[in-house]
Amino acid sequence: MAGNSRVADFESPPLEEVVLGVQFSPPPSLNTVHARDVWNLYAPEFPLVQEQPRLQPQFEVFGGLPPQGPQFNLSFGGPDLRNRLWFVAKDDSHLLQYQDDRLLLNWRKRTSGQEYPRHEGMAALFNEYLHRLAGYFGEAHSTPMAITQAEVTYVNVIPIERTSDVGDWISIFSFPPLEIEGINMSFSEVVYSETRQPVARIVHEFQTLLTNDMRKRAVRWAITYRGKPPKDNIDSALDFLAYGRELIVKRFCEITTKTAHEHWGRRK
């Protein structure tokens, strides 16, 4: 799954958020009191902390089974003490999500005209953050980091005048002359290796919403590439994410229209 540099580039794409993440097997000795130790690894870059609901384990399985969706668990006797923590940068645009089996790095567009990050820069940061956590697991818990899944997500928000105009931007939407009120749909595709083995999925999620200023309608399009890297180490996970990013950009270009490419300033 070696990457290449022939990835399309846009001057001003409708990108609102990028997420790089891995899921791993937690060290047996890791518990809630170690959360502060983990935050100390990142506090200089991420001085703010927020608590969020825990993410349930998620695995891409194949062989005729549908993609695994969110899981809901009933619990009694109080909240799960192993909740997810958000470590937030001062500028609020970068966010590191941690729980005992996950680490995710988000970039979020916070100001108009804010330049979106290049994958190479985000991947370099994520590599550094993963190695810090892996080092802590090894030194404090005598357990190597064993990655079980990896994922990359690109979230685009495309303003539209009317819902029925979305076909001007995204070619798979071609509506009859009806006044469509809203869109809420998703679909997935399986990614195969050179030997025709399923290795990952690309999941597309579309939803109409209002822009942040509440003045215009928009369609939110999240594209996620998720699966198990060939090996359980960090280098293999980062290669897997780089390849996934290439496929995401490829699908974005295939599904969006020529008019949209011109509006966003496609350079290659």
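This is a short talk on the salt bridges in the structure shown above.

The model is predicted, so please keep that in mind throughout. A search over the whole structure returns 16 salt bridges.

I start with Arg118 and Asp9. Their side chains form a salt bridge, with an N to O distance of 2.6 Å. Arg118 sits in the loop between β5 (102-108) and α2 (119-141), and Asp9 in the segment before β1 (15-24), so this pair ties together parts that are 109 residues apart in sequence. Arg118 is partly exposed, at a relative accessible area of 33%. Asp9 is buried, at 15%, because the cut-off for buried is under 20%.

Next come Arg54 and Asp100, whose side chains also meet in a salt bridge, at 2.6 Å from N to O. This pair, too, links distant parts of the chain: Arg54 is in the loop between β2 (48-52) and β3 (84-88), Asp100 is in the loop between β4 (94-99) and β5, and the two are 46 residues apart. Here both residues, Arg54 and Asp100, are buried.

The next pair is Arg132 and Glu128. Their closest N and O atoms are 2.9 Å apart. Both residues belong to helix α2, with a spacing of 4 residues, about one turn of the helix.

Last, the network. Which residues does it link? Salt bridges connect Glu60, Glu151, Arg201 and Arg226.

Notes: Residues are numbered from 1 along each chain as its sequence is written. This is a predicted model: local features need pLDDT of at least 70, side-chain atom pairs count only at pLDDT 80 or more; totals for chains, interfaces and linings use all residues. Side-chain values use heavy atoms; hydrogens and water are left out. A salt bridge is a side-chain nitrogen of Lys or Arg within 4 Å of a carboxyl oxygen of Asp or Glu. Buried means under 20% relative accessible area, exposed over 50%, partly exposed in between (1.4 Å probe, protein chains only).
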